[in-house]
Amino acid sequence: MKSFLISDNKDTWIGMRLAGIDGVIVHTKKEVLDTIKEVFRDETIGLLILTEKIVDLATEEIMEYKLKKAIPMIIEIPDRHGTTRSGDAISKYIRESVGIKI
């Protein structure tokens with residue numbers, strides 16, 4: 001299975017391309033959701049990588065995909081400026097998906 005990146009900036013996209021990961025650069029919520037739908041149609045993609053700003057554009061829809069679909073696995077990475085998130089993202093995902101506070 002291969003990986004695919006949806007990014008909002010060229011630097012992250014180029015870095016992933018150098019690592020052999022294909023992807024696209026998008027800037028609107030519609031572009032994000034259309035690209036995610038295309039990725040879910042491609043059965044060869046096992047990992048979908050999203051930058052934080054992409055997740056911020058369509059948080060509710062992406063969380064719904066994360067909770068309902070096992071493949072491709074969706075992960076969020078910081079962009080070129082580092083993380084802007086406060087707290088532990090993994091604990092947040094567990095709390096939202098299972099309802100257990102760690």
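Reader: Which residues in helix 2 are buried?

Author: Let's start with the word itself: buried means under 20% relative accessible area, exposed means over 50%, and partly exposed lies in between, using a 1.4 Å probe and protein chains only. In helix 2, the buried residues are Val32, Leu33, Thr35, Ile36, Val39 and Phe40. They cover an arc of only 165 degrees around the axis, which puts them on the same side of helix 2. That arc is taken from the directions running from the helix axis to the C-beta atoms.

Please keep in mind that this is a predicted model, where local features need pLDDT of at least 70 and side-chain atom pairs count only at pLDDT 80 or more, while totals for chains, interfaces and linings use all residues. Residues are numbered from 1 along each chain as its sequence is written, and side-chain values use heavy atoms, with hydrogens and water left out.

Reader: What covers the buried residues of helix 2?

Author: Here we look for contact, meaning heavy atoms within 4.5 Å. Helices (H or I, at least four residues) and strands (E, at least two) are DSSP runs, numbered from the N terminus. The cover includes strand 1 (2-7), strand 2 (22-25), strand 3 (45-51), helix 3 (52-57), helix 4 and strand 4 (73-77).

Reader: Which exposed residues does the face turned away from the buried side of helix 2 carry?

Author: That face carries Lys30 and Arg41. For Lys30, the relative accessible area is 56%.

Reader: How many salt bridges does a search of the whole structure find?

Author: A salt bridge is a side-chain nitrogen of Lys or Arg within 4 Å of a carboxyl oxygen of Asp or Glu. The search finds four. One of them joins Asp34 to Lys30, with the closest N and O atoms 2.7 Å apart.

Reader: Where do Asp34 and Lys30 lie?

Author: The general idea is that an α-helix has 3.6 residues a turn, so residues three or four places apart point the same way. Asp34 and Lys30 both sit in helix 2 (residues 29-41), four residues apart, about one turn of the helix. Asp34 counts as partly exposed, at 31% relative accessibility.

Reader: What separates Glu64 and Lys68 in helix 4?

Author: About one helical turn, because they are four residues apart in helix 4 (residues 59-68). Glu64 is partly exposed at 45% relative accessibility, whereas Lys68 is exposed, with a relative accessible area of 63%.
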